[in-house]
Amino acid sequence: MQRQRVVGVDAARPGSGYVIGPRLVLTSAHVTGPPGTPARVYRPGHPDTYAGEVVWQGTPDGRDDAALVLIGDDAWQPPQGRPVRWGRAITFRPDIPCTTWGLPAVVQAEGRAAELAQPSGTLNPGDRLIGNRYVMTVHGTAPADHLEGSSPWAGLSGAALFCGQLLAGVMAADPAGRQHGHLEAVPAYVLHHNPEFRRLLTEHAGPETPELEPIEYQHLASAPEPAMAAWGGSPAALLRARRQVVPFHGRDEILQALLAWATLPGFGAHLVHGPAGQGKTRLAAELATRLTGRRWAVLWLDAGADETQLAALQDAAAPLLIIIDYAESRLLQLQALLQACARRGEEAPLKLLLLARTAGGWWEGARSASPQSETLLDGAGVTPLPVLDDTPDGRVAGYRDAAHAFAAELDQVRPRPGRSWAEIAAALAAPPAARIASGNALGVHMLALADLLDISAGLPDLALTDAAAIGHQQAAAMLVSAEEVEDRLLLHERRYWTSCAGAYGLHTDGQVLAEWLLHALAVAIAFGAPDPGQAETVLARIPALADPAIRSRVSTWIAALYPPTGRHTPWGELQPDRLAERFLGRHLCAHPYLIDTLLPAVGSDQVDRLLTVTTRAAAHSVFAGELDEHIIGWCVRRPQLLASLAIQVATRVEQPRPLLQALHRLLDEPAIELAELMAWSDSLPEASFALAEWAAQLTNRLLAAFRAQNDLSGLAQSLNNQSVRLGVLGRHEEALEAITEAVDIRRHLAEARPDAFLPDLAMSLNNQSADLGALGRREEALEAITEAVDIRRRLAEARPDAFLPDLAMSLNNQANRLGDLGQHEKALEAITEAVRTYRHLTEARPDAFLPHLAGSLNNQANRLGDLGQHEKALEAITEAVRTYRHLTEARPDAFLPDLAGSLNNQSTDLGALGRHEEALEAITEAVDIRRRLAEARPDAFLPDLAMSLNNQSVRLGELGLHE
């Protein structure tokens with residue numbers, strides 16, 4: 001609660017108020033009178049009063065007993081500081097601390113200046129729940145009656161009720177019968193439900209309606225966006241998605257789908273993923289705004305919230321949306337959050353919205369990490385966010401809208417003498433569509449902001465008065481390509497860094513930042529810091545910061561540039577991410593060994609961040625591979641610290657090229673120990689398109705090590721793994737050679753110790769059958785899989801929980817082998833048992849077994865088709881396609897090939913039933929997918945592409961499209 005926002009209000013009667021916008025005051029309806037009523041506003045302790053007018057009034061003494069007064073007086077000076085944050089109670093946890101601040105009669109005295117009182121107390125959310133009131137139990141001794149029995153609290157009406165940092169209500173009444181020890185307030189959620197109140201709040205308090213944060217969980221929330229600084233502030237701050245400077249547009253279909261998802265009862269999770277700048281956070285902010293208008297609370301979860309703190313979320317009893325940005329880097333926190341959600345007893349909707357750049361291996365790992373995640377993330381929606389405005393006209397319109405939106409904000413926070421920002425924006429020459437390279441929302445917005453700032457910098461005398469002159473200046477400034485817009489914005493950001501450094505007494509040379517200050521800023525961006533102590537440790541390794549006093553000033557400078565967004569972190573972030581990546585890439589290319597000096601001082605989370613940010617920076621075309629070499633060098637020089645983390649990060653970033661190159665180089669090092677190789681192998685995800693080649697190379701190293709040690713068990717396991725990895729790469733002859741050796745070893749071991757090694761033998765026989773089948777050796781393949789089924793059936797009879805999944809897998813493969821040999825009835829019998837088993841397993845653990853069920857349905861459709869049962873075949877393959885679509889949304893690198901295969905088979909079944917148009921549609925999609933896969937990995941996917949092209953030809957022929 002900010003002292004400078006507390007005011008007195010004189011209208012129909014005296015009361016209190018709180019300034020919630022530059023000129024907007026929240027007070028009580030029974031203080032003001034109807035809209036149009038004049039009101040006087042004053043700051044206690046100051047002699048001046050300011051003229052205002054009531055612009056909205058609720059019901060005096062009613063459910064919505066609140067009002068808004070707009071101050072029109074030119075002499076009024078709006079308060080500084082952060083924007084007001086709003087909140088609501090969403091649990092029934094008792095004794096929530098609260099406070100208010102106003103001008104009650106009990107502290108007033110005739111002939112003296114108006115005096116303030118700051119009562120504090122607690123509220124229980126269940127008190128007056130039906131009447132939509134908050135009841136504050138006042139601490140201390142209740143005051144006695146005032147004059148002639150009047151309330152001692154008269155005049156406090158309209159004061160703001162705060163719980164922590166959140167405005168939770170408006171003081172309304174001193175209820176009778178409570179001896180002045182309790183006060184009632186109108187909850188903020190009642191006011192926010194009124195459309196006119198929200199409209200006026202948006203018009204006079206900010207470009208967006210604030211979200212209602214849960215007051216019990218404010219310690220879990222990331223810090224809000226700071227108020228935009230006066231002249232000299234960060235230009236990049238205008239681009240931050242949660243600031244919502246540019247009005248939201250587009251995405252209507254996705255937004256409506258998310259709103260519909262939110263209305264479903266109980267818990268729900270949804271992942272939205274897309275490249276940097278695609279609009280994920282902006283979409284989440286718009287969803288939060290819409291849900292706030294529907295009486296929801298919103299929590300943007302702080303990355304530093306730990307398991308103990310997150311446990312409190314199990315008490316949520318009102319609709320709550322929790323948003324986790326950068327979800328791919330917050331897996332441990334996600335698991336703790338899911339555990340809390342699993343313990344909830346309330347049925348009020350609780351929705352978890354995850355935002356990430358990709359939906360790769362990290363997402364599959366998150367979904368299977370624990371029983372809670374398997375249950376709660378089962379059926380979680382996944383939305384890949386497409387490009388916005390991906391047409392020339394759409395990009396130009398988006399550019400114009402952004403330029404005007406930025407100009408409006410700049411006019412408020414950076415007023416200019418002479419020509420205003422709005423006039424400059426209006427005079428901007430229409431950009432050729434070719435200059436706006438794509439419809440990436442951030443790219444369009446960055447270009448518009450850079451153009452505004454560049455033109456402003458080119459007009460030092462501010463004397464130009466005609467649009468033609470401004471257009472000429474723009475043409476000169478825009479010789480820099482749109483591709484380098486990040487560098488243009490960083491030039492303006494550097495001016496901000498330099499001016500702020502001077503304010504903190506830090507050395508600059510001719511208005512240019514000293515190199516060591518740029519080192520410090522790069523370190524803050526590259527590593528972050530979980531707490532001030534770690535920040536101190538990292539900065540201390542920069543030679544120029546050996547003096548603790550200077551180091552402290554530098555840390556304070558960075559925090560002033562980018563205020564902390566977490567509860568304990570010393571610094572915030574340079575955003576958007578693309579600017580941070582570009583600055584860091586430029587700086588580290590010039591000073592690559594800066595990182596080597598710092599690595600001994602950081603933890604694994606900070607190394608993870610370093611690899612993530614620099615790998616994404618390396619994808620910027622301007623670095624042309626130079627940054628790749630530096631990333632590779634760090635990994636090769638410190639493999640114990642970086643290699644396992646590089647494996648994890650490679651599954652999360654969009655273009656992991658430098659990490660893959662580093663991992664390949666590490667395997668070329670002859671001195672790598674077996675324990676290190678095994679640790680890397682354990683770090684591998686179950687499946688990853690990106691890591692497939694490296695995984696095979698790693699297994700080769702393990703094979704050599706186990707052979708040298710004559711470790712038969714380890715050798716057999718590595719041979720088994722190698723056969724799978726070679727099969728993924730389409731190298732079936734080598735895969736068969738490896739698995740055959742594994743079978744021979746495991747058969748020998750099982751003869752001596754069947755209890756220990758029979759399951760392993762069955763696994764290898766299963767894999768051997770697959771490799772034999774891939775090479776057309778069908779009889780041998782059937783023989784191997786039949787032995788595997790026999791072993792696994794015996795094992796499953798003894799221990800079904802442990803071995804039923806293995807039996808289902810082998811039955812699925814046995815059906816394929818029987819089908820290859822024309823034994824269609826037996827094949828259908830085997831696959832039907834497999835489907836039945838997988839359905840049973842999927843009911844208990846959908847995340848683990850849904851992919852297997854989809855594969856078995858695909859095979860069942862083939863077997864039914866072999867027997868001419870095309871209607872049943874179509875039913876099975878349609879379910880398989882639907883399931884693979886769902887899986888592919890979450891993990892395209894793992895399931896796109898399976899989706900293409902099922903579409904190929906669906907086309908065949910549709911064609912057999914005479915549904916030729918639908919059949920052509922399905923096979924065309926399969927061809928498109930397989931063509932993309934074959935371009936990336938021809939050895940593995942060219943045969944599949946050929947098969948689908950053949951089938952596409954058949955479908956085209958059936959429709960008479962012979963050319």
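A salt bridge here is a side-chain nitrogen of Lys or Arg within 4 Å of a carboxyl oxygen of Asp or Glu. By this rule the count comes to 36 salt bridges in the structure above, which is a predicted model.

One of these salt bridges joins the side chains of Arg616 and Glu654, with 3.2 Å from N to O. Arg616 belongs to helix α20 (residues 604-618), while Glu654 sits in the loop between α22 (639-650) and α23 (657-667), so the contact ties together parts that are 38 residues apart in sequence. Arg616 is buried, at 10% relative accessible area, whereas Glu654 is partly exposed at 32%. Glu629 and Arg665 form another salt bridge, again listed at 3.2 Å from N to O. Here helix α21 (residues 626-637) supplies Glu629 and helix α23 supplies Arg665, so parts 36 residues apart in sequence are tied together. Both side chains are partly exposed, Glu629 at 39% relative accessibility and Arg665 at 38%.

A salt bridge can also lie inside one helix. Asp820 and Arg817 meet at 3.2 Å, N to O; they are 3 residues apart in helix α30 (residues 800-820) and thus separated by about one helical turn. Asp820 is partly exposed, with 29% relative accessibility, and Arg817 is buried, with 10%. Elsewhere, salt bridges that share partners join Glu328, Arg357, Asp577, Glu581, Arg616 and Glu654 into one network.

Leu611 lies in the largest nonpolar core, which has 182 residues. Leu611 is among the members that touch the most others, along with Phe406, Trp497, Trp557 and Trp680. Beyond its neighbours within four places in sequence, Leu611 is in contact with residues including Ile631, Cys635, Leu642, Val649 and Leu659. A second, separate core has 46 residues, among them Leu103, Val138, Leu167 and Leu200.

Next comes the parallel sheet. It is open and has 5 strands in the order β16-β17-β18-β15-β19. Strands β16 (297-300) and β19 (381-384) are at the edges with a single partner strand each, so one side of each has no neighbour in the sheet. On average, neighbouring strands are turned by 20° against each other, direction ignored. Within the sheet, β15 (residues 267-273) and β18 (residues 350-356) are paired by 7 bridges, and Ala269 has Leu352 of β18 as its bridge partner. Helix α4 (residues 252-262) packs on this sheet, touching β15, β17 (320-324), β18 and β19, and its direction makes about 145° with that of β18. Helix α5 (residues 280-292) also packs on the sheet; it touches β15, β16, β17 and β18, at about 160° to the direction of β18.

Strand β1 (residues 6-10) runs antiparallel to β4 (residues 38-42), and 3 bridges join them; Gly8 stands opposite Tyr42 in β4. Strand β4 also pairs with β5 (residues 49-57) in the antiparallel sense, over 5 bridges, with Ala51 in β5 as the partner of Arg40. The hairpin of β4 and β5 has 6 residues between its strands, and Gly45 takes a positive phi near 90° there.

That leaves the cysteines. The structure holds 0 disulfides. For Cys98, the closest cysteine sulfur is that of Cys163 at 5.2 Å, too far for a bond, because a disulfide requires sulfur atoms within 2.5 Å. Cys98 is buried at 4% relative accessibility, and Cys500 is buried at 13%.

Key. Residues are numbered from 1 along each chain as its sequence is written. This is a predicted model: local features need pLDDT of at least 70, side-chain atom pairs count only at pLDDT 80 or more; totals for chains, interfaces and linings use all residues. Side-chain values use heavy atoms; hydrogens and water are left out. Two strands pair if DSSP finds at least two bridges between them. Helices (H or I, at least four residues) and strands (E, at least two) are DSSP runs, numbered from the N terminus. Axes are lines fitted to C-alpha atoms, for helices over the stretch in contact, and angles run from 0 to 180 degrees between N-to-C directions. Contact means heavy atoms within 4.5 Å. A nonpolar core is a set of buried Ala, Val, Leu, Ile, Met, Phe, Trp, Tyr and Cys residues joined through side-chain atoms within 4.5 Å. Buried means under 20% relative accessible area, exposed over 50%, partly exposed in between (1.4 Å probe, protein chains only).
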